[in-house]
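Please look over the structure shown here. Some questions and answers about it come after.

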Amino acid sequence: VAEHFPPGESHENRLYAYRAQAGLATFYRENGQLEAALSEYAQLANAPRTEVEFQATGVIGQLNIYSQQGNGERLTELLDQLAHLLADIDKLDRVSRNQLIQQLDLPLRKRVLLTLKETRSPTRPTNQPSSRFPSRR
């Protein structure tokens with residue numbers, strides 16, 4: 001896509017290129033080419049700050065793979081990275097926000113939804129952990 005619609009020519013071309021890259025990363029993941037998927041997701045995660053949906057897609061894709069692999073150290077780093085994006089994700093329209101959350105594998109989705117609920121509440125109950133993402137239960 002980027003070859004026929006150079007991302008540097010317009011914002012619209014950049015969006016198409018990011019969408020194509022996200023699709024390619026998903027294709028790789030679904031076909032067991034995890035290293036190739038991780039590479040594509042990492043590039044998306046490094047998209048400009050103005051492209052929060054693609055940044056989040058990249059982080060979420062990596063989270064899913066590292067969670068599947070049981071790589072706790074990298075998972076923690078990426079959860080922190082996602083936590084920094086939450087405020088921007090929360091500003092997206094409801095459909096976009098829900099589409100991002102649905103990309104998360106179910107166990108991760110539960111953790112992130114708990115975090116979103118926690119950050120939206122005016123006060124956190126004292127029995128809640130202080131970290132942005134609760135530990136697995």
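Q: What is the mean pLDDT of helix α2, which scores highest among the elements of the protein chain?
A: This is a predicted model, in which local features need pLDDT of at least 70, side-chain atom pairs count only at pLDDT 80 or more, and totals for chains, interfaces and linings use all residues. Residues are numbered from 1 along each chain as its sequence is written, and side-chain values use heavy atoms, with hydrogens and water left out. The pLDDT is the predictor's confidence in each residue, from 0 to 100, and helices are DSSP runs (H or I, at least four residues) numbered from the N terminus. Among the elements, helix α6 (residues 106-120) has the lowest mean, 78, while helix α2 (residues 34-45) has the highest, 97.

Q: Which residue forms a salt bridge with arginine 49?
A: A salt bridge is a side-chain nitrogen of Lys or Arg within 4 Å of a carboxyl oxygen of Asp or Glu. For arginine 49, the closest N and O atoms are 2.6 Å apart, and the partner is aspartate 88. The pair links distant parts of the chain, 39 residues apart: arginine 49 lies in the loop between α2 and α3, and helix α4 (residues 72-90) holds aspartate 88.

Q: Is lysine 91 buried or exposed?
A: Lysine 91 forms a salt bridge with aspartate 88, the closest N and O atoms being 3.9 Å apart. Shared partners join Arg49, Asp88 and Lys91 into one network. Buried means under 20% relative accessible area, exposed over 50%, and partly exposed in between (1.4 Å probe, protein chains only). Because its relative accessible area is 68%, lysine 91 is exposed.

Q: Why are glutamate 77 and arginine 74 separated by about one helical turn?
A: These two residues form a salt bridge, with the closest N and O atoms 2.8 Å apart. Glutamate 77 is partly exposed at 38% relative accessibility, and arginine 74 is partly exposed at 25%. They are separated by about one helical turn because their spacing in helix α4 is 3 residues.

Q: Which residues are closest to the centre of the largest pocket?
A: On a 1 Å grid over the protein atoms alone, a pocket is an open set of points where a 1.4 Å probe fits, with protein on both sides within 12 Å along at least five of seven lines; lining residues have an atom within 4 Å of a point. The largest pocket has a volume of about 250 Å³. Of its 14 lining residues, the closest to the centre are Arg19, Glu53, Phe54, Thr57 and Leu100.

Conventions
Grid points are joined across faces, edges and corners, and a volume is the space filled by probe spheres set on the points. Helices (H or I, at least four residues) and strands (E, at least two) are DSSP runs, numbered from the N terminus.
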